Amino acid sequence: MTTQDIIKPENLVYAKPSIMNDNTMHYCPGCSHGVVHKLVAEVIEEMGIVDKTIGISPVGCAVFAYNYIDIDWQEAAHGRAPAMATAIKRLLPDHCVFTYQGDGDLAAIGTAETIHACNRGENIAIIFINNAIYGMTGGQMAPTTLEGMKTSTCPYGRDVTLNGYHLPIGNLVAQLEGTRYVTRQSVHTAAAVRKAKAAIKKAFENTLAPEKKGASFVEIVSTCNSGWKMSPKDANDWMVENMFKAYPIGDLKNI
Amino acid sequence: MAKIKGAVEVNTNRCKGCELCVVACPAKVLGMSKQVNAKGYNYACMVNPDACIGCASCGIVCPDGCISVYKVKIEN
Amino acid sequence: MSEEVRLMKGNEALAEAAIRCGCDGYFGYPITPQSEVLETLMKLKPWETTGMVVLQAESEVASINMVYAGAGCGKKVMTSTSSPGFSLMQEGVSYIAGADIPALVVNVMRGGPGLGTIQPSQADYFQTVKGGGHGDYRQITLAPASVQEMADFVGLGFDLAFKYNILTVILADGLIGQMMEKVVLPPFVPRKTNEEIRKECPWASLGKTPDRKRNVITSLELEPEPMERRNIALQAKYAEIEKNEVRYEDIETSDAEYLFVAFGSAARICQKAVEVARAEGIKVGLLRPITLFPFPYEHIKEQLTHVKGILSVEYNAGQMVEDIRLAVEGRIPVEHFGRTGGIVPTPEEVIDALKQKIIKK
């Protein structure tokens with residue numbers, strides 16, 4: 001049996017979700033964003049909630065998330081996505097409202113909006129890409145940058161006497177009464193991707209729960225191979241070795 | 001006994017040559033093309049098609065959604 | 001139906017009017033002298049009657065971004081604040097302008113700069129009519145001069161916002177927010193259903209249906225040509241608004257030799273000054289701009305046939321006076337009289353200023 005005999009529609013077992021359109025993504029080769037975008041699209045498609053899902057894209061690399069998934073979107077000012085999600089969810093209570101944010105957006109400029117949306121127990125999902133660096137602006141230090149890690153604004157490595165410590169904001173929001181589900185996942189292997197997808201699905205399902213139970217927060221520990229100045233494969237290996245120590249994978253809260 | 005046989009189809013225009021699918025493939029089916037696509041990337045391709053088991057690991061880790069995976073069961 | 005007359009503060013009337021005009025959501029943060037708006041809404045619990053959402057946000061930055069998001073859903077949403085809070089809101093204000101969406105913001109002005117004073121002021125004129133946030137944009141600006149107008153301008157503000165997909169600002173001074181007057185509250189209008197919004201605002205992000213492409217609320221455009229096209233479209237919209245929406249009130253202007261131009265509560269001081277000055281034999285009138293953007297340039301120019309000088313009376317160091325000078329193009333004297341620090345001038349002070357700065361010239 002030849003390859004051509006196998007490649008037939010009836011034998012298809014995996015393809016990108018149909019609501020992920022054919023626009024070429026602007027992300028660098030090997031960027032974790034693409035995988036997470038695909039998971040978000042798969043979950044929305046499988047749940048059949050295209051007509052009642054509103055995504056909020058951040059300022060950062062994922063600013064153009066709205067170009068790739070065919071749902072309604074709003075583009076936030078830097079850090080304000082959780083405030084926006086709050087308003088949309090309250091005005092459209094039967095909708096699935098999610099934010100998609102990076103570490104600079106969520107844990108630096110938008111810390112107040114993140115903490116307060118979580119603390120109010122908003123029935124929203126927050127997808128948080130933590131790659132410990134500012135990607136879009138060219139690889140500057142993020143609040144999540146590891147101690148000693150080099151970036152363009154800490155070229156000799158993050159010095160705690162100068163810049164303080166990496167901010168484990170997932171642990172912070174897990175402490176709040178207003179969150180119901182806080183988990184930390186990754187997308188560097190097929191097995192990890194499957195788990196991350198299940199987490200995103202659970203978060204999205206939580207937003208549609210009939211009673212307001214609280215915010216769902218899915219942190220994806222990710223790579224930024226361009227910003228880290230590594231190949232995609234080496235970036236994955238570096239992440240496993242270094243990032244997972246500071247940001248251990250697994251559920252932080254699930255009630 | 002039935003044998004599983006898979007095949008991978010790569011959207012070569014969309015592929016950015018990150019090679020994560022090559023790393024993810026447990027059967028060492030995938031490699032990189034010698035040719036480049038319109039954007040100048042060497043794209044992923046099957047270098048050992050007979051070994052493919054259709055597990056879809058390559059597609060699952062692909063950041064650009066360029067991989068479709070097909071699978072058939074062949075009865076002996 | 002008999003009219004419902006109430007005695008209320010301006011801020012309270014505004015809150016009542018918001019519920020009655022079918023507002024979908026209010027997102028605010030306490031700041032003197034407008035905190036009664038949020039307090040009144042929380043007391044009235046409109047979520048139990050009309051379904052209107054009311055939320056105390058963590059900051060003005062959050063509240064304006066909540067308004068931006070609600071507006072992006074085609075909902076009638078608003079916030080209110082006072083000057084330092086309005087400064088914080090400029091980020092969201094600029095995004096609302098860039099995304100071409102309708103919303104309502106109320107600024108009950110207090111004195112500045114900085115933390116300034118909680119006393120009344122009109123020092124945010126420049127901030128509101130000349131920009132405030134980044135980028136080339138305008139916002140419709142309504143200046144109420146009574147508690148009645150505080151109530152009426154909510155409905156009007158939303159109507160204009162949705163007519164042009166633009167932000168309307170109700171620019172009130174602390175005096176209008178705090179003082180009590182008789183007011184006839186507007187009748188109840190039901191909130192729009194999502195189906196109605198889908199029809200009337202086809203751009204709104206309410207969830208993608210199979211019959212249309214995805215709706216994206218954004219102001220981002222990296223390519224220069226589309227970005228310029230967006231800016232040209234915005235400017236065309238502003239020109240249309242300048243053509244259609246200029247509002248003002250004339251008080252004894254037809255035979256006036258001199259003119260006060262004043263907005264908000266300063267216009268009320270001037271109205272009394274007109275009465276007192278006319279008793280003294282000074283033929284003075286009052287022109288009260290109701291819209292500050294669009295500004296009544298043409299109407300002021302029309303006064304040149306009979307007016308010999310204009311005094312702009314403002315609770316600031318001289319802001320609107322620049323627009324009046326633009327209108328008269330140097331043909332007659334235009335001077336400013338104002339008090340700052342929260343001091344409200346008396347009619348006598350205003351008449352003295354007219355005599356010293358204009359009539360003696």
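Predicted model: local features only at pLDDT ≥ 70, side-chain atom pairs only at ≥ 80, totals over all residues.

I picked A:I56 and looked for its bridge partner in β3(A): it is A:Q74. The two strands involved, β2 (residues 53-57) and β3 (residues 72-75) of chain A, pair in the parallel sense over four bridges.

β3(A) and β9(C) run parallel and are joined by two bridges.

Zoomed out to the whole sheet. I got eight strands in an open sheet with mixed pairing, ordered β10(A)-β8(A)-β9(A)-β5(A)-β4(A)-β2(A)-β3(A)-β9(C). Why do β10 of chain A and β9 of chain C each have one side without a neighbour in the sheet? They stand at the edges, each with a single partner strand.

Checked what lies over the strand where the chains join. Helix α3 (residues 60-72) of chain C lies across β3 of chain A and β9 of chain C, at about 150° to β3(A).

Next, the interface. I found 36 residues of chain A in contact with 35 of chain C. The buried area is about 2700 Å², with carbon and sulfur atoms giving 61%. On the chain A side, A:D72, A:Q74 and A:L91 lose the most area, together 23% of what that side buries. There's A:Q74 again!

Last stop, charges. I noted four salt bridges between chain A and chain C. One salt bridge links the side chains of A:R80 and C:E91, at 2.8 Å from N to O.

Terms used: Residues numbered from 1 in each chain as written. Chains lettered and ligands numbered in written order. Heavy atoms only, no water. Pairing = 2+ DSSP bridges. Contact = heavy atoms within 4.5 Å. Axes fitted to C-alpha atoms, helices over the stretch in contact; angles between N-to-C directions. Buried area = accessible area lost by both parts, 1.4 Å probe.
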